[in-house]
Amino acid sequence: MPQSTSRNSPNDDLSNVKVEFRDVNFRIGRRDLVSQVNLTINQGEALLLLGRSGSGKTTTLKLINRLLIPTSGQVLVGDRSTQEWDAIALRRKIGYAIQETGLFPHFTVGENVGLVPSLLQWSRPKLEARVYEMLNLMGLEPEVFAQRYPQQLSGGQRQRVGIARALAADPPILLMDEPFGALDPITRLELQQQFRYLQKQLGKTVVFVTHDIQEAFFLGTRIGLMHEGQLVVLGSKEEFMRSPHPEAQAFMACLPTNL
Ligand SMILES: Nc1ncnc2c1ncn2[C@@H]1O[C@H](COP(=O)(O)OP(=O)(O)OP(=O)(O)O)[C@@H](O)[C@H]1O
């Protein structure tokens with residue numbers, strides 16, 4: 001397993017990488033997409049945001065990297081409100097992987113993975129070494145894949161590239177929005193295992209969105225359950241299992257029993 005560079009890169013002024021929501025609301029028109037969210041995600045923690053479709057998970061994630069700004073309340077990243085952060089500077093410290101991967105189709109795999117390091121003006125040898133390291137890490141042979149274009153990959157390979165890109169600049173914070181959603185179950189399990197191992201090794205602050213309770217239990221140090229824009233349960237797997245909240249119970253009922 002390749003070693004990561006230090007958690008905070010040299011030009012990183014995030015000495016504390018916790019993320020905090022203080023009374024956060026996000027409203028469009030007269031509709032609250034997220035309401036009254038209070039939450040602290042500690043450094044090195046993997047918070048799994050679980051919820052059914054439309055419950056506000058993606059909206060919550062986008063409030064962290066300033067793709068959205070709270071209507072009221074504050075989201076703090078490293079003790080500074082996202083509104084005080086320069087959006088570009090903030091996003092370069094936050095890896096972001098999404099189900100559709102968001103790869104640039106006219107960039108090769110190598111260029112996609114090296115995107116943020118190149119924006120950060122890493123030297124060419126350092127950048128190339130990092131791209132190779134990340135592709136290897138995600139189980140994609142660099143000699144085979146680095147020069148290909150995204151449309152020359154399978155969906156699962158594209159997802160791996162998306163995660164490699166999110167990790168490439170060694171950001172202290174990772175936002176993952178159903179990154180394994182479209183995969184076959186075998187590849188999915190493989191990537192979940194790889195991700196869990198990596199998370200333990202690298203100790204990043206992770207917020208991971210899923211609607212799969214098994215994935216939440218497998219990957220989360222804590223689970224946050226969203227329902228109709230609110231964070232209705234927050235706790236460990238054991239606390240979640242004991243929760244009397246009907247939405248938690250509804251998710252528990254989705255766990256497979258012996259077939
Ligand atoms: N730009 C927008 N304008 C209006 N409504 C929106 C907008 N973006 C999201 N919504 C609505 O806000 C609610 C929450 O959306 P969000 O994407 O956060 O849910 P989610 O929990 O991530 O769902 P999924 O699991 O399906 O991705 C949904 O009802 C959605 O239709």
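The secondary structure of the protein chain consists of 11 helices and 10 strands, where helices (H or I, at least four residues) and strands (E, at least two) are DSSP runs numbered from the N terminus. The radius of gyration, taken over C-alpha atoms, is 18 Å, close to the 18 Å given for 259 residues by the globule rule, so the chain is as compact as a globular protein of that length; the rule is 2.2 Å times the number of residues to the power 0.38. The model is predicted: local features need pLDDT of at least 70 and side-chain atom pairs count only at pLDDT 80 or more, while totals for chains, interfaces and linings use all residues. Residues are numbered from 1 along each chain as its sequence is written.

Along the principal axes, the C-alpha atoms fill a box of roughly 55 × 50 × 35 Å. Of the 259 residues, 38% are buried (20 or more other C-beta atoms within 10 Å of the residue's own; exposed, 12 or fewer; partly exposed, in between; C-beta atoms placed from the backbone).

S6 and S7 (residues 173-177) run parallel and are joined by 5 bridges, and Ile94 stands opposite Ile173 in S7.

The ligand is surrounded by Ile28, Leu33, Gly51, Ser53, Gly54, Ser55, Gly56, Lys57, Thr58, Thr59 and His211 (C-beta atom, placed from the backbone, within 6 Å). H1 gives the most to this shell, with 3 residues.

Ser81 lies in strand S5 (residues 80-81) and counts as partly exposed, because 16 C-beta neighbours fall inside 10 Å. Excluding residues up to four places away in sequence, Ser81 touches Gln74, Val75 and Leu76, contact being defined by C-beta atoms, placed from the backbone, within 7 Å. The C-alpha atoms of Ser81 and Ser53, 28 residues apart along the chain, are separated by 28 Å.

How values were computed: Pairing = 2+ DSSP bridges. Contact = placed C-beta atoms within 7 Å.
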